[in-house]
Amino acid sequence: MNSTRRLWWGLAALLAASFSLLLWAGGEIFRAAPPIPERVVAQNGDVIYTRADIERGRQVWQSMGGMQLGSIWGHGAYVAPDWSADWLHREAIAVLDGWARAEGVATYAELTPERQAALQARLQPMMRRNTYDANTGTITVSPERAAAAVAVAQHYESLFGSDPATHALREAYAMKEGTVTDATNRHELTAFFWWTAWAATTERKMPAAAAPTSGEPASQVVTYTNNWPHEPLVGNKPAPALWAWSLFSVLFLIAGVALLGWWHARTKEEHVLTLPSSDPLALLRITPSMRATAKYFWVVLALFLTQILLGAMTAHFQVEGQKAYGFDLSSILPYSITRTWHTQLAVLWIAVAWLGTGLYIAPALSGHEPRFQRLGVNFLWVCLLVIVIGSFTGQWMAVMQKLGLKYNFWFGHQGWEYADMGRFWQVFLFIGLMLWLTLVGRALWPVLRSTKDETKPIVALLFLSTVCIGLFFGSALMWGEKTHIAEVEYWRWWLVHLWVEGFFEVFAAAVMSLIFVKLGLVRAKTASTAVLFSTVVFMTGGVLGTLHHLYFVGTPTAVVALGASFSALEVVPLAFIGFEAFHTYRMGQATPWMARYKWMILFFVAVSFWNLIGAGLFGFLINPPLSLYYMQGLNLTALHGHTALFGVYGMLGLGLMLFCLRGLRGQMVWNTAPLKVAFWSMNIGLAMMAVFTLLPMGLMQLMASIEHGYAYARSAEFMNRPIIDMLVWMRVPGDTIFSVGALSLAWFVLRLWVAPRREGAVADTAPARR
């Protein structure tokens with residue numbers, strides 16, 4: 001059995017085992033999810049909330065933007081608080097203040113430290129005790145908690161309305177006036193917030209088999225969210241399992257790096273190839289369907305520029321709250337909608353770049369133009385525009401409270417970060433992705449059925465990644481409007497994580513290898529082995545690494561253990577990313593005619609750099625359970641998100657776009673001065689954004705979270721400090737430089753179609769203009 005066949009079998013076995021474990025973990029999550037009660041009652045029998053209130057409250061939360069305005073269990077936006085942690089803290093303070101008044105002082109804060117400690121010791125068992133009765137579906141709370149729930153609910157009903165008493169807080173949270181216009185909906189919204197806080201402070205009921213026997217010390221029982229968030233008042237602190245599995249994750253990382261280092265050491269360099277004397281792709285026949293992909297890249301740039309504009313608006317909301325330079329922007333485009341579109345466009349423009357690349361490269365590899373291929377490419381492009389415009393319109397109507405709850409799930413705003421579009425638009429996009437993989441597959445078919453084409457293994461991997469990108473979007477269809485939030489989070493991260501850190505990785509590795517093979521820079525057999533091995537390495541941590549997003553959404557300890565162990569392995573291949581960067585750069589210097597692909601190569605080198613920094617360094621910073629316990633939902637999470645999503649996948653999308661444009665408009669003179677500005681400006685701007693704002697702000701929040709609790713680190717009191725405002729303003733230079741780079745790139749592409757000059761029509765043939 002040759003090495004390629006062994007790798008195929010190894011990959012198949014790995015995926016079978018990994019997805020079996022991932023599905024098993026899903027079953028455990030569904031089984032252990034915090035229960036939704038039929039009723040929440042006080043000890044005197046008064047009904048506080050019902051299941052219908054909680055479920056409708058979640059619908060209200062989703063319709064106003066959901067995770068795009070604050071967060072739940074740490075997942076979502078960063079300006080407004082985490083509503084679970086905020087409610088929990090406010091409820092605890094309300095109970096303590098009530099007891100303090102009974103002792104003759106106005107507030108708990110005015111008590112002596114000794115009395116505060118005594119009341120905390122009284123509060124913790126009351127808040128953490130699990131009073132859920134599975135037989136009746138009833139949660140019974142003490143009179144103190146019932147009174148506190150009413151008081152906190154009144155605060156939220158004021159906050160999400162237009163009450164002048166909470167106007168300053170709405171500005172601090174970047175909330176528009178009348179976020180939820182209906183008073184009944186505001187009350188039911190509080191039921192959902194109460195339930196998420198209850199799950200975060202209520203201990204799981206220990207199975208009888210796990211209970212300690214006589215004489216054994218009692219095991220520490222954790223809440224449904226594994227003691228997240230950190231809240232000293234109620235005794236929420238890192239569970240022992242978080243410490244243990246964080247330590248093991250570091251050991252797994254070291255072992256993985258050592259094994260991969262051993263593999264690199266024993267792998268011999270292949271003999272130097274005789275390189276082609278001219279560009280093998282210069283005479284590539286551009287088919288009608290390949291030419292039709294140009295409009296995909298126009299859309300990429302339009303969406304990219306729009307995303308940058310919306311990002312600037314979203315960041316500015318953090319400083320002025322409801323306004324932009326004095327203009328009441330929140331009444332037209334509130335924070336929750338600008339952030340929705342900003343995050344969604346980040347995925348959409350990168351995805352469109354990759355869709356266009358797949359449609360371009362498939363006929364280029366096979367030399368086969370299937371019948372009606374161009375029609376399919378054009379039809380898919382129209383569908384993508386309809387999906388973007390339709391879904392964005394529905395989201396705006398939902399956030400502005402113009403759509404109503406009846407139609408919100410299907411046509412409005414689902415409220416789940418990166419999966420915000422209504423179900424109708426998700427189904428539409430899924431069908432579009434099925435059309436895409438069909439178009440790519442039928443164009444690749446001659447290579448896939450060939451027995452002589454040396455690139456067949458790489459092409460097969462490319463096609464399989466295409467199939468997985470299309471099919472795994474179907475995980476967005478696995479939840480319904482009333483599916484338990486823990487189950488929704490499980491499937492949502494199938495979509496986000498497996499797309500971005502799984503199949504996109506494979507697609508990228510396959511496409512880049514095929515490009516170098518077709519350019520004659522790498523042997524097909526060598527590339528096939530390398531790509532298959534890279535896929536095995538990436539997927540080893542990539543599939544089960546999904547679970548590191550689910551530590552605190554109602555999951556049992558086994559899920560924490562799996563997530564910690566395998567998310568550490570995700571970093572292993574990134575430890576050797578410098579070799580990949582050097583190899584890619586050397587490809588660009590291999591022969592004089594490679595100057596035609598200089599900027600594509602440099603974008604690929606940038607991918608390697610940001611893979612190491614954004615995905616590797618900043619990713620592992622937050623991945624271990626103990627780290628994420630304190631950092632989830634802080635600006636350190638945003639630091640990882642920005643540097644990894646744009647730095648890796650955005651840069652790669654732009655590099656692939658330049659490769660396709662070299663084929664589509666290679667006969668035109670390429671004035672690459674704007675590309676030079678674009679490349680350096682975007683990289684420098686991204687680095688400035690990370691170093692001047694997100695990193696220092698995140699570190700400050702981390703210290704506040706460790707010392708005072710998570711609610712304080714996300715509070716208006718902390719986030720409105722002058723130094724935080726200064727750090728937000730320090731984004732402006734980096735954002736400006738980044739925007740100059742994006743505009744330069746758009747100008748370069750525009751000039752390829754508007755008044756271009758053909759090569760040979762001018763005398764200037766200097767390399768700088770290639």
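How do the axes of α16 and helix α22 cross, and within what distance do they come? In this predicted model, helix α22 spans residues 635-664, and its axis comes within 12 Å of the axis of α16, with a crossing at roughly 30°. An angle under 35 degrees counts as roughly parallel, so that is the label for α16 and α22. The crossing of this pair is left-handed. On the α16 side, the contact is made by Val500, Glu501, Phe504, Glu505, Ala508, Val511, Met512 and Ile515. Helix α22 brings Tyr649, Leu652, Leu656 and Phe659 to the contact.

Helix α3 (residues 83-102) and helix α5 (residues 143-159) have axes that come within 9 Å and cross at roughly 130°. With that angle, α3 and α5 are therefore oblique to each other, and their crossing is right-handed. From α3, the residues that meet α5 are Trp83, Asp86, Trp87, Arg90, Glu91, Ala94, Val95 and Trp99. Their partners in α5 are Glu144, Arg145, Ala148, Ala149, Val152, Ala153, His155, Tyr156 and Leu159.

Next comes the nonpolar interior. In soluble globular proteins, nonpolar side chains tend to be buried together. Here the largest nonpolar core holds 259 residues, and the members that touch the most others are Trp83 and Phe193. Helix α16, which covers residues 485-518, gives the most to this core, with 23 residues. The core also draws at least three residues from each of domain 1 and domain 2. As for Phe193 itself, setting aside residues up to four places away in sequence, it touches Trp61, Met64, Ile72, Trp83, Trp87, Tyr156 and Phe160. Among these, Trp83, Trp87 and Tyr156 also take part where α3 meets α5.

On the domain level, the protein is divided into domain 1 (36-204 + 224-237) and domain 2 (591-757). The C-alpha centres of the two domains lie 37 Å apart. Their contact takes 25 residues from domain 1 and 16 residues from domain 2.

A few loop residues deserve a look too. His549 sits in the loop between α17 (524-542) and α18 (557-570). Its relative accessibility is 13%, so His549 counts as buried. Leaving aside neighbours within four places in sequence, His549 is in contact with His75, Trp493, His497 and Glu501. Glu501 is also one of the α16 residues in the contact with α22.

Most residues other than glycine have a negative phi, and most peptide bonds are trans. The loop between α7 (183-201) and α8 (240-266) contains Pro229, and the peptide bond from Trp228 to Pro229 is cis, with omega near 5°. Asn226 lies in the loop between α7 and α8 as well. Its phi is near 55°, a positive value in a residue other than glycine. Asn226 is buried, with a relative accessible area of 4%. Another positive phi, of about 60°, turns up at Gln401, which is not a glycine either. This residue is found in the loop between α12 (373-399) and α13 (405-411). With a relative accessible area of 22%, Gln401 is partly exposed, whereas Asn226 is buried.

Definitions and conventions. Residues numbered from 1 in each chain as written. Predicted model: local features only at pLDDT ≥ 70, side-chain atom pairs only at ≥ 80, totals over all residues. Heavy atoms only, no water. Core = buried A, V, L, I, M, F, W, Y, C linked by side-chain atoms within 4.5 Å. Buried < 20%, exposed > 50% of the residue type's maximum accessible area, 1.4 Å probe, protein only. Helix = DSSP H or I, 4+ residues; strand = E, 2+ residues; numbered from the N terminus. Domains from an automatic or database assignment. Contact = heavy atoms within 4.5 Å. Axes fitted to C-alpha atoms, helices over the stretch in contact; angles between N-to-C directions. Parallel < 35°, antiparallel > 145°, perpendicular 65-115°, else oblique. Left-handed = near helix turned anticlockwise from the far one by under 90°.
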